[in-house]
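Me: Got a model open here and I'd like to talk through some of its backbone and packing. Can you take my questions as they come?

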Amino acid sequence: MTQPTTDLTHRLVSSPGGRIHLVEQGTGPLVLLVHGFPESWYSWRHQLPALAAAGYRAVAIDVRGYGRSSKPDATDAYRMLELVADNAAVVSALGERQAVIVGHDWGSAIAADSALIRPDVFRAVGLLSVPYAPRGGPRPSEIFAQLGGPEGEEFYVTYFQEPGRAEAEIEPDVRGWLAGFYAALSADTMPGPGAPDPHFVTAGGRLRDRFPTGPLPAWLGENDLDVYAGEFERTGMTGPLNRYRNMDRDWEDLAGYDGAALTQPSLFLGGGLDASTTWMADAIEAYPTTLPGLVSCHILDGCGHWLQQERPAETNRLLTDWLTSLPS
């Protein structure tokens with residue numbers, strides 16, 4: 001594990017939604033790190049010291065609705081435009097004019113849209129696990145509703161849409177649910193070929209019914225799980241789940257960016273065993289058109305969804321190599 005060169009600094013800064021909690025390490029050009037679901041700033045614990053040691057000011061945030069950041073009550077407060085505004089506000093609050101933005105999972109989409117909407121602030125963009133796919137086509141809810149499997153199975157994104165439904169499953173046992181969810185998408189613990197797909201919910205069932213129940217993934221220690229579970233026990237799951245509940249609003253809000261290419265210098269890292277990468281293979285193939293500024297693209301063989309935690313050394317090397325290649 002990379003040793004820190006300076007201590008982590010926790011800060012709260014003002015944002016359009018109230019406040020954003022961030023964790024900062026190092027000095028130099030600003031690199032803003034944006035986590036996904038269901039995570040927190042802690043997902044970047046391996047990257048913060050590595051980027052600091054490489055000469056960067058690494059800042060990992062708690063996205064709105066998570067951790068110590070504000071948690072507005074309104075569902076539509078979690079639309080993409082609001083999260084982009086939060087990211088721009090963080091850069092300004094840190095006394096900077098520009099930043100490189102890097103995101104994982106939902107954070108990848110947030111990072112991409114931040115760069116798309118605010119190219120004056122975000123000069124380069126790194127995308128982990130979830131490929132960039134321009135806005136377009138039918139409403140997202142219509143697309144995901146069609147992904148249901150046999151005998152009334154629901155895709156997990158559709159399952160998350162109804163307020164309170166997924167919360168009723170998760171919140172009685174946050175730690176156990178998180179352990180199963182992380183394991184279901186990790187290379188060393190995910191269900192094998194032919195096993196029921198954990199991305200789908202059976203009619204009348206729960207998402208966790210298909211989660212692995214064995215040991216934790218190698219990357220996730222008991223203490224790590226305690227950190228994640230402790231945050232969600234305190235905050236609840238509604239804020240994080242509200243991100244999924246705004247996909248149709250985002251589709252409407254971003255109509256002006258239909259089919260838009262992301263032109264800044266970019267990076268994509270995906271896991272070879274990650275459904276996000278395999279299901280969206282066509283999006284990766286389209287990168288010469290959709291990511292004309294792509295500098296570096298890597299699929300990590302034998303890696304699952306949580307790649308910056310499953311493969312921290314490799315991720316750190318690829319990130320720092322890419323950052324070094326960017327114009328100053």
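Me: Where does Asp105 sit?
Reply: Asp105 is in the loop between β5 and α3. Keep in mind that this is a predicted model.

Me: What's phi for Asp105?
Reply: Phi of Asp105 is near 60°, a positive value in a residue other than glycine.

Me: And is Asp105 buried or exposed?
Reply: Buried. Its relative accessible area is 10%, and the cut-off for buried is under 20%, so Asp105 qualifies.

Me: Which other residue has a positive phi without being glycine?
Reply: Ser129, with phi near 80°. Ser129 belongs to the loop between β6 and α4 (140–145).

Me: Buried or exposed, that Ser129?
Reply: Ser129 counts as buried, at 0% relative accessibility.

Me: OK, α2 against α3. What's the packing angle?
Reply: About 75°, with the two axes 9 Å apart. That makes α2 roughly perpendicular to α3, because angles of 65 to 115 degrees fall in that class.

Me: Which residues meet there?
Reply: From α2 you have Met80, Leu81, Leu83, Val84 and Asn87, and they meet Trp106, Ala109, Ile110, Asp113, Ser114 and Ile117 in α3. By type, the contact divides into eight nonpolar, two polar and one charged.

Me: Other helix pair: how do α7 and α8 cross?
Reply: The axes of α7 (residues 174–184) and α8 (residues 222–235) come within 9 Å and cross at roughly 125°. That makes α7 oblique to α8. The crossing is right-handed.

Me: Which residues of α7 and α8 meet?
Reply: On the α7 side, Val174, Arg175, Leu178, Ala179 and Tyr182. On the α8 side, Glu222, Leu225, Asp226, Tyr228, Ala229, Phe232 and Glu233. This contact divides into eight nonpolar, no polar and four charged.

Me: Switching topic: which peptide bond is cis?
Reply: The one from Phe37 to Pro38 is cis, with omega near -15°. Pro38 lies in the loop between β3 and α1 (47–53).

Me: Last one, Gly293. Where is that?
Reply: Gly293 is in the loop between α13 (287–290) and β10 (294–300). At 17% relative accessibility, Gly293 counts as buried.

Me: What does Gly293 touch?
Reply: Leaving out residues up to four places away in sequence, Gly293 touches Leu262, Thr263, Gln264, Pro265 and Ser266.

Me: And how are Gly293 and Pro327 placed?
Reply: Their C-alpha atoms are separated by 12 Å, while Gly293 and Pro327 are 34 residues apart along the chain.

Methods: Residues numbered from 1 in each chain as written. Predicted model: local features only at pLDDT ≥ 70, side-chain atom pairs only at ≥ 80, totals over all residues. Heavy atoms only, no water. Axes fitted to C-alpha atoms, helices over the stretch in contact; angles between N-to-C directions. Helix = DSSP H or I, 4+ residues; strand = E, 2+ residues; numbered from the N terminus. Parallel < 35°, antiparallel > 145°, perpendicular 65-115°, else oblique. Left-handed = near helix turned anticlockwise from the far one by under 90°. Contact = heavy atoms within 4.5 Å. Nonpolar A, V, L, I, M, F, W, Y, C, P; charged D, E, K, R; others polar. Buried < 20%, exposed > 50% of the residue type's maximum accessible area, 1.4 Å probe, protein only.
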